[in-house]
Amino acid sequence: MAEQNRETAILGGGCFWCLEAVFQKVKGVEEVVSGYSGGYIKNPAYREVTSGRTGHAEVVQIHFNPDAISYEVLLSIFFTIHDPTTLNRQGADVGTQYRSVIFYLSDEQKRTAEKVMAHLEEQKVYENPIVTQLVEEAQFYKAEEYHQNYFRSNPDQPYCRVVIEPKVIKFRNNFAEWMK
């Protein structure tokens with residue numbers, strides 16, 4: 001039996017629970033892991049990251065089948081479900097840990113991200129300029145277990161209903177063909 005093709009994307013767009021909830025519903029995505037990347041200390045804990053003093057961003061590590069979905073489509077979804085024009089902020093979440101960031105894992109991913117961002121700017125999709133950082137892959141650290149599958153495990157929690165659910169609906173409305 002042939003081994004299935006698999007690639008990884010690492011994206012940060014505010015709270016990792018929001019990104020995880022959406023990307024778990026995307027066709028071609030096999031696994032989504034919430035975690036931290038881009039910081040200065042090894043094996044950071046949530047309380048350290050949320051202090052804003054470790055340099056880490058809350059991110060998701062997305063394992064996907066590029067034969068089923070392209071990196072470019074993943075980025076299109078990413079740019080639709082968060083605001084890439086607010087520096088170090090997504091809604092009420094403020095700090096460098098909530099920055100918009102793409103950690104590219106190859107030159108091809110970097111070129112694709114540059115192309116997608118340039119297209120969005122050319123089309124004037126956003127009123128303000130995109131401030132998403134495009135950074136070479138940094139060490140990824142998996143977040144504590146209680147952060148994994150957060151939306152699935154806590155759908156009635158107020159944050160899930162008020163902040164995460166609208167992003168899931170936005171994904172569904174804009175990318176219905178990519179729903180699992």
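Helix axes here are lines fitted to C-alpha atoms over the stretch in contact, and angles run from 0 to 180 degrees between N-to-C directions. The model is predicted, so to speak of local features takes pLDDT of at least 70 and side-chain atom pairs count only at pLDDT 80 or more, while totals for chains, interfaces and linings use all residues. Residues are numbered from 1 along each chain as its sequence is written, and side-chain values use heavy atoms, leaving out hydrogens and water.

**View 1. Helices α3 and α6 pack at about 130°.** Their axes sit 9 Å apart, with α3 covering residues 71–81. (Helices are DSSP runs of H or I, at least four residues, numbered from the N terminus.) The two are therefore oblique to each other, a label for angles that are not under 35 degrees (roughly parallel), over 145 (roughly antiparallel) or 65 to 115 (roughly perpendicular).

**View 2. Trp 17 meets Tyr 159 edge-to-face.** Rings of Phe, Tyr and Trp (its six-membered ring) pair if their centres lie within 6.5 Å; planes under 30 degrees apart are stacked, over 60 edge-to-face, and the rest tilted. Here the centres are 5.6 Å apart and the planes at 80°. Trp 17 lies in α1 and Tyr 159 in α6, so the pair ties together parts 142 residues apart in sequence. Trp 17 is buried at 10% relative accessibility, while Tyr 159 is partly exposed at 22%. (Buried is under 20% relative accessible area, exposed over 50%, partly exposed in between, with a 1.4 Å probe and protein chains only.)

**View 3. Phe 64 and Tyr 71 are stacked.** Their centres are 6.5 Å apart, with 20° between the planes. Phe 64 is buried at 0%, and Tyr 71 is buried at 7%.
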